[in-house]
Amino acid sequence: MTEGTKGMSPRARMTGVVYLLYFLTAVLAQAFVSRKLVGYGDAVNVIAFAFYIVLTLLFYSMFKPVNRSLSLLAALFSLVGCAVGLLGLFPRTSLPVNPLWFFGPYCLLIGALIIRSTFLPRLIGWLMVAAGLGWLAILSPPIARYLSLCIEIIGIVAEASLMLWLLVKGVDEGRWKQQAVAQ
């Protein structure tokens, strides 16, 4: 057993918990909206976006040792996507921009960072890349019409896999430290 696999990484566990809180609040917001309780849904969506902002900062910190520039670029895409999503909750400030324009590249970059890392499974990285491509593809009306459900499933599976891995397995702390020292 290596030093990195002896225990759960507190950093990974905290990131996984924030990811789980994001998932739960996002699902709750959708449940409210689908029941025509839009005001409650919007309020819970604000909380969900707050969790996603925290998650973004945690991922920036986690992936900074892999590639500081890519991690920063990913964080910027996510933060802009959160800002666009938050503004979209207020009718007077609706923008002609879809948050997926930013969350697609964010998932692509997180996937690339996972693939390049030595402390998380590459398979999860490839799932995140597929999710990012899917979020970008869904912006095309013909693709959205025929494949949106499939793309949403891929996105949920990718992000849920990453969240569950962080909660259950964590990261290989020894390898994370090696990459941090090498940076």
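Author: Buried means under 20% relative accessible area, exposed over 50%, and partly exposed in between (1.4 Å probe, protein chains only). The model is predicted, so local features need pLDDT of at least 70 and side-chain atom pairs pLDDT 80 or more, while totals for chains, interfaces and linings use all residues. Residues are numbered from 1 along each chain as its sequence is written, and side-chain values use heavy atoms, without hydrogens and water.

Reader: Is phenylalanine 51 buried, exposed or partly exposed?
Author: Phenylalanine 51 is found in helix α2; helices (H or I, at least four residues) and strands (E, at least two) are DSSP runs numbered from the N terminus. Its relative accessible area is 23%, so phenylalanine 51 counts as partly exposed.

Reader: Which residues is phenylalanine 51 in contact with, leaving aside its neighbours within four places in sequence?
Author: Contact means heavy atoms within 4.5 Å. Leucine 87 is 36 residues from phenylalanine 51 in sequence, and their C-alpha atoms are 16 Å apart. With neighbours up to four places away set aside, the contacts of phenylalanine 51 are Val18, Leu21, Tyr22 and Thr25.

Reader: Which residues does asparagine 45 touch, not counting those up to four places away in sequence?
Author: Asparagine 45 is also placed in helix α2. Its relative accessible area is 15%, so asparagine 45 is buried. Beyond four places in sequence, asparagine 45 touches Ala29 and Leu89.

Reader: How many Å separate the C-alpha atoms of leucine 57 and threonine 118?
Author: Leucine 57 belongs to helix α2. At 47% relative accessibility, leucine 57 is partly exposed. Along the chain, leucine 57 and threonine 118 are 61 residues apart, and their C-alpha atoms are separated by 20 Å.

Reader: At roughly what angle do the axes of α2 and α3 cross?
Author: The axes are lines fitted to C-alpha atoms, for helices over the stretch in contact, and angles run from 0 to 180 degrees between N-to-C directions. Under 35 degrees counts as roughly parallel, over 145 as roughly antiparallel, 65 to 115 as roughly perpendicular and the rest as oblique. Helices α2 and α3 are therefore roughly antiparallel. The axes of α2 (residues 38–63) and α3 (residues 68–88) come within 9 Å, and the crossing angle is roughly 175°.

Reader: How many nonpolar, polar and charged residues does the contact of α2 with α3 have?
Author: Val46, Phe49 and Tyr52 are among the α2 residues in this contact, and the α3 residues include Arg68, Ser71 and Leu72. Ala, Val, Leu, Ile, Met, Phe, Trp, Tyr, Cys and Pro count as nonpolar, Asp, Glu, Lys and Arg as charged, and the others, Gly among them, as polar. By class, the residues are twelve nonpolar, five polar and one charged.

Reader: What is the value of phi of lysine 36?
Author: Lysine 36 sits in the loop between α1 (10–34) and α2. Its relative accessible area is 71%, so lysine 36 is exposed. Phi is positive here, in a residue other than glycine, and is near 65°.

Reader: How far apart in space are leucine 24 and valine 44, C-alpha to C-alpha?
Author: Leucine 24 lies in helix α1 and is exposed, at 52% relative accessibility. Leucine 24 and valine 44 are 20 residues apart in sequence; C-alpha to C-alpha, the distance is 9.9 Å.

Reader: How far apart in space are alanine 112 and glycine 39?
Author: Alanine 112 is part of helix α4 (residues 100–116) and is partly exposed, with a relative accessible area of 26%. In sequence, alanine 112 and glycine 39 are 73 residues apart; in space, C-alpha to C-alpha, 37 Å.

Reader: How many helices and strands are there in the protein chain?
Author: The order of elements from the N terminus on is α-α-α-α-α-α-α. The count is seven helices and zero strands.

Reader: What radius of gyration does the protein chain have?
Author: Along its principal axes the C-alpha trace spans about 50 × 30 × 25 Å. The radius of gyration is taken over C-alpha atoms, and the globule rule is 2.2 Å times the number of residues to the power 0.38. For 183 residues a compact globule would have a value near 16 Å, which agrees with that of the protein chain, 17 Å.

Reader: What percentage of the residues of the protein chain count as buried?
Author: Of the contacts with a separation of 6 or more, 71% are between residues 24 or more positions apart. Among the 183 residues, the share that counts as buried is 40%.
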